[in-house]
Structure formats: structure tokens, C-alpha cells
Amino acid sequence: MAIVYNEQKQTFSLHTARTTYQLKIGNLNYVNHLYYGATIRDEDLSYLIRRYDRGFSGNPYDSLQERTFSLDAQPQEFTTQQQGDFRINSIEVQNSDGSFSFDGRYLSHRIYDGPFTLDGLPTPFANEQDTVQTLELTIGDAITKIRVTLLYSVFEESDIIVRAARVHNNSSHRVDLKRIMSINMDFMNGSNMDLISLPGRYGQERQVERQPLTHHVHKIRSGRGISSHQQNPFTALVDSTANEEFGSCYGFALMYSGSFLVEAELDQYDQARLVMGINDRLFSFPVEPGETFDTPAVLMTYTHKGLARMSHNFHHFFRRNLNRSKFVRDVRRPVLINTWEAAFFDFDDEKLVNIAKAAKDMGVEMIVMDDGWFGKRDDDNSGLGDWYVNEKKIKCGLTELVRQINDLGMKFGIWFEPEMVSEDSDLFRAHPDWAMEIPGRHAVRSRNQLVLDMTRREVHEYLIEHINRILDSANIYYVKWDLNRAITDLWSNALPADRQGEVSHRYVLGLYRVLDGIVKTV
């Protein structure tokens with residue numbers, strides 16, 4: 001069994017092929033994190049928690065005279081709020097009375113076969129040969145009736161554990177999430193850990209930076225509305241002596257395409273904490289009575305065999321359990337030529353066929369028609385969003401052009417940038433309110449593009465309908481999907497003023513809905 005619950009000791013042991021992760025229903029029903037590392041038996045490791053007088057750190061009221069128990073020192077699976085833990089936290093919720101408080105204690109759990117799924121967010125899938133079990137462990141606040149279900153899916157053979165959190169509002173009043181992390185990871189000894197991140201810039205993404213974990217809060221974040229070239233939603237905590245071949249390495253990868261946040265801290269007792277999830281900057285999400293909120297998933301892996309093994313664990317899992325593309329799983333990628341550098345916006349159907357003929361003689365197997373084939377698009381100042389074929393350029397029509405390319409023995413690909421719109425476009429003239437633009441202010445331009453409001457269902461339907469119509473009209477083998485600017489001017493005309501803090505996350509949910517509406521129908 002991948003997940004073992006010891007009812008007597010109230011421990012949960014999550015086993016992969018080479019690792020064990022253990023948590024426990026501890027004192028006063030707080031859920032403790034006990035261990036993550038190489039495989040061990042299902043013994044109770046709570047003796048590892050160091051107990052000293054914590055009188056200056058604050059003690060829960062019902063701990064009575066037990067001053068050795070403070071949440072400021074306890075290794076936790078998910079933190080409380082305003083209960084004496086002053087470290088970086090997992091949740092900030094504003095309750096209906098205006099208070100900021102959450103005291104989450106164990107309520108229930110269930111274990112079942114297969115991975116969990118999330119509402120509107122991507123999650124890994126299981127293959128026939130995978131052994132996968134899931135633990136759902138619910139903690140709750142007895143006063144506010146807010147509950148959080150901690151989700152753990154154990155992919156046994158892959159040495160991967162997938163985590164997320166689901167907030168339930170079981171009260172009769174709305175609450176507002178100001179911060180909600182997907183995971184909280186506590187380490188009882190963090191004094192010799194390094195933090196690895198992958199910063200960069202356009203054209204030079206994912207440069208490795210490694211620094212010692214110090215008694216400060218280390219932040220890795222993107223506030224660009226996208227995961228970005230500048231920061232990557234990945235981090236690792238590793239032994240200071242770890243290298244490519246040996247040493248303990250804990251890797252964390254967030255499955256989220258929007259603004260994200262990672263924080264790591266070495267506390268006063270040399271314990272380490274790491275949280276990871278949605279960036280709480282410009283974020284405030286209301287949860288009405290009876291509603292739930294799902295966080296993005298985080299993939300975790302551990303190895304004592306160094307950075308190379310950690311990387312391989314992720315690479316194998318991404319290919320087998322995340323990416324459904326035939327190019328990743330089953331089919332060799334064709335050698336292609338892209339028309340951008342050859343022609344930029346200056347092309348027609350005849351030029352494209354001639355490029356394909358010349359490229360075929362060099363062994364190229366596919367031509368990708370880049371930007372400029374749609375609307376009135378002769379430069380990057382106009383036409384974006386008008387997803388219909390410009391027949392002044394593609395005079396024979398897209399169906400016939402693709403047939404001619406196929407007759408050469410070559411495949412055909414096409415370019416889109418669906419999330420953006422030009423002010424000089426039929427789409428913007430018809431629906432100016434579909435662009436993100438704060439009332440009374442001119443929107444920030446980037447590449448002369450504005451951002452479509454992907455929180456709106458009518459925008460989703462427009463994009464799905466028009467892009468699928470193009471893809472259905474010809475034998476299109478490949479889509480190049482571009483994103484050429486970050487998101488500014490967070491504002492939705494479809495939401496009232498007190499709900500604008502939802503926009504950044506709803507944008508990402510809208511993007512995933514559009515992707516599903518296109519990819520799953522191809």
C-alpha cells in the first residue's frame with residue numbers, strides 16, 4: 001500500500017518506491033509533519049519533535065500550563081493564522097466579522113485509489129502501470145467553520161507526491177482568502193540547507209542560482225500574471241554538500257501558469273519552512289457559503305542521490321504523467337521550418353509554397369506559418385484577435401494551401417496568440433470591454449498589444465469557436481501558441497469593484513478552459 005494509516009499511533013505514512021513521507025495527528029489535534037526522506041517503516045517518528053520551554057513564543061489556550069507546546073516551533077502540515085505561529089504561513093483568511101484567524105485542527109480523512117483532481121486546474125494523470133493512492137485529510141476551525149482539505153496523491157513508482165489544498169466555507173457568511181498556499185513543508189533541521197531557484201530573462205531562461213538558507217524570508221515570485229521568463233515556479237531545498245551525484249535533494253514544482261510565490265525561512269530554532277502557491281500580491285478571493293476554492297497542484301520529489309536524480313524524477317514524470325502530447329509520448333518530432341525569420345509579415349501563399357519546396361530538399365518535414373496570416377495583419381500594430389484567414393495573402397484559401405504543402409510530402413503548422421488583442425482590430429472595435437483596461441486610465445501597451453479579459457466566459461467561447469473553426473478547416477498538424485507580453489492593468493469589466501482581487505487567478509482558470517476547449521477537441 002502506498003498510504004498506510006496507523007489508527008493507534010494516528011500516523012499516516014506515504015510510501016513511494018524509494019521514499020517515505022510521514023504526518024501525524026498530534027497534540028490538540030494539530031497535524032504535524034514528521035518526516036520526508038528515504039524509505040522507513042511505519043514507525044511513529046514524533047519523538048523527533050524537540051520540546052523546550054516556548055513561553056516566549058505563545059501557547060494555544062487549551063495547552064493550559066504546557067509551555068513546551070507552541071505552534072511557533074511545531075512542524076506542521078498546514079499552518080494556522082493568529083494562533084502563535086509567527087513564521088511564514090499557508091493561509092490568510094478574513095472572516096465575516098473582519099477578523100483574520102484560522103485555527104485548523106484534524107477533523108477527518110479518507111484514502112482511495114487513483115489521483116485527485118482539481119476544479120479547473122491541471123493535475124497529473126495515472127497510466128495503467130502506475131500505482132497511485134490519495135489521502136484527503138481535512139482540518140477545520142471550530143469557530144468560523146472554515147475547513148481545509150489537504151490533498152496528497154502518491155505516485156509510487158515515480159517517487160512523486162502531488163499535493164494541493166481545498167478550502168471549504170461551511171459557514172453561513174462569505175469569507176475572503178487573502179493568501180492560500182498549495183503546500184507547507186516544515187523541516188526540523190534546516191541549518192545546512194541551500195535554496196535553488198531558476199531566474200532568468202527572455203532568451204536566457206532558467207539560470208541556476210543557489211544560496212544558503214538563512215534566518216530571513218527568501219522569496220521567489222512572479223507578479224507578471226504569468227510564470228514568466230524571469231522566474232520559474234520551481235525550487236529545491238538541498239543539503240549544502242549536495243552535488244549532481246549525491247546528497248539529499250527536495251524538489252518542488254508548481255503546476256500553475258500565473259503569478260506564483262515561493263517563500264522559504266530558517267526560523268529561530270534552525271527549523272526550515274517552505275510554502276508555495278498563488279502569489280498573494282493583488283489577490284483577494286471571496287468564498288461564499290457552501291463554496292470551495294482549489295489551489296494549484298505541487299509536485300514533490302526526494303532523493304539522496306543528488307541533483308541529477310531529482311531532475312530525472314521530474315523529467316520522467318512530466319513526460320509520462322503530465323503531457324498528453326503525441327510529440328512527447330509517442331511520436332518523433334518533425335524537423336520544421338518557421339516562416340518568421342524568412343518572411344516576417346511579408347508573405348503570401350505562393351511564397352510559403354516556395355519556402356516549403358526549398359526546405360523539403362534539405363530534409364525539412366514541416367512548415368509552420370507564423371504571425372501575419374489573419375485579419376489585417378501586416379505588422380504588429382493591428383489585427384490581433386481577428387482569427388479569420390486574410391485571403392489577400394492566402395489567396396487560394398487555407399484549405400488549399402495546406403493541401404499543396406501536404407502534396408509536397410510535408411506537414412503544416414500554424415501560429416496563434418489567443419490571449420491578446422490589437423486596438424486596431426475588428427474584435428476590439430466590437431468589444432472594447434473585452435480588453436483589460438482600468439477605468440479612467442490608458443492601458444499599458446507591450447508590443448502594441450492589450451490583454452484579453454480571460455475571466456469572461458464570452459471571451460472563452462469566442463476564442464474556442466474561432467480557433468477550432470480554423471483548425472477544422474484544413475489538415476493542420478501542429479499549433480505554435482505564443483505569449484508575447486506579461487499582464488498589466490488587472491481589471492475586469494465583468495466583476496464588481498469588491499471582486500477585482502479575483503482577476504489574476506480567474507484569468508488563469510479562463511486560459512485553462514480555452515486550452516481544454518481546443519486541445520480536447522483536436
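Are Y36 and Y250 buried or exposed? Y36 is buried, and Y250 is buried as well; buried means under 20% relative accessible area, exposed over 50%, and partly exposed in between, with a 1.4 Å probe and protein chains only. The model is predicted: local features need pLDDT of at least 70, side-chain atom pairs count only at pLDDT 80 or more, and totals for chains, interfaces and linings use all residues. Residues are numbered from 1 along each chain as its sequence is written, and side-chain values use heavy atoms, with hydrogens and water left out.

**Aromatic pairs**

- The whole structure holds 24 aromatic pairs. Rings of Phe, Tyr and Trp (its six-membered ring) pair if their centres lie within 6.5 Å; planes under 30 degrees apart count as stacked, over 60 as edge-to-face and the rest as tilted.
- Y36 and Y250 make a tilted pair, with 5.7 Å from centre to centre and 50° between the planes.
- This pair links distant parts of the chain, since Y36 is in strand β4 (residues 31-38) and Y250 in strand β15 (residues 249-254), 214 residues apart. Strands (E, at least two residues) and helices (H or I, at least four) are DSSP runs, numbered from the N terminus.
- Y36 also pairs with Y302: the centres are 5.9 Å apart and the planes at 55°, so this pair is tilted.
- Y302 belongs to strand β20 (residues 298-303) and lies 266 residues from Y36 in β4, so the pair links distant parts of the chain.
- The relative accessible area is 6% for Y36 and 7% for Y302, and both residues are buried.
- Ring pairs join Y21, Y36, Y152, F187, Y250 and Y302 into a cluster.

**Charges over rings**

- R324 lies over the face of F125, 3.9 Å from the ring centre. The criterion is NZ of Lys or CZ of Arg within 6 Å of the ring centre and within 35 degrees of the ring normal.
- K411 lies over the face of Y477, at 5.0 Å from the ring centre.

**Nonpolar cores**

- The largest nonpolar core has 82 residues, and L14, L177 and F252 have the most contacts inside it. Such a core is a set of buried Ala, Val, Leu, Ile, Met, Phe, Trp, Tyr and Cys residues joined through side-chain atoms within 4.5 Å.
- Strand β8 (residues 146-155) gives this core its largest share, seven residues.
- Apart from this core lies another, of 55 residues, including V353, I367, W415 and F428.
- Leaving aside neighbours within four places in sequence, L14 is in contact (heavy atoms within 4.5 Å) with residues including A2, I3, Y21, L135, Y152 and I161.

**Strands and sheets**

- Four strands form an open antiparallel sheet in the order β1-β2-β3-β4. Two strands pair if DSSP finds at least two bridges between them.
- β1 (3-6) and β4 stand at the edges with a single partner strand each, so one side of each has no neighbour in the sheet.
- Strands β2 (residues 11-15) and β3 (residues 19-25) run antiparallel and are joined by five bridges. T11 has K24 in β3 as its bridge partner.
- Strands β22 (residues 366-369) and β23 pair in the parallel sense over four bridges, with I367 opposite F412 in β23.
- Strand β23 (residues 411-416) is mostly covered, with five of its six residues buried.

**S197**

- S197 is found in strand β11 (residues 193-197) and is buried, with a relative accessible area of 7%.
- Leaving aside neighbours within four places in sequence, S197 is in contact with Q207, V208, E209, I220 and F234.
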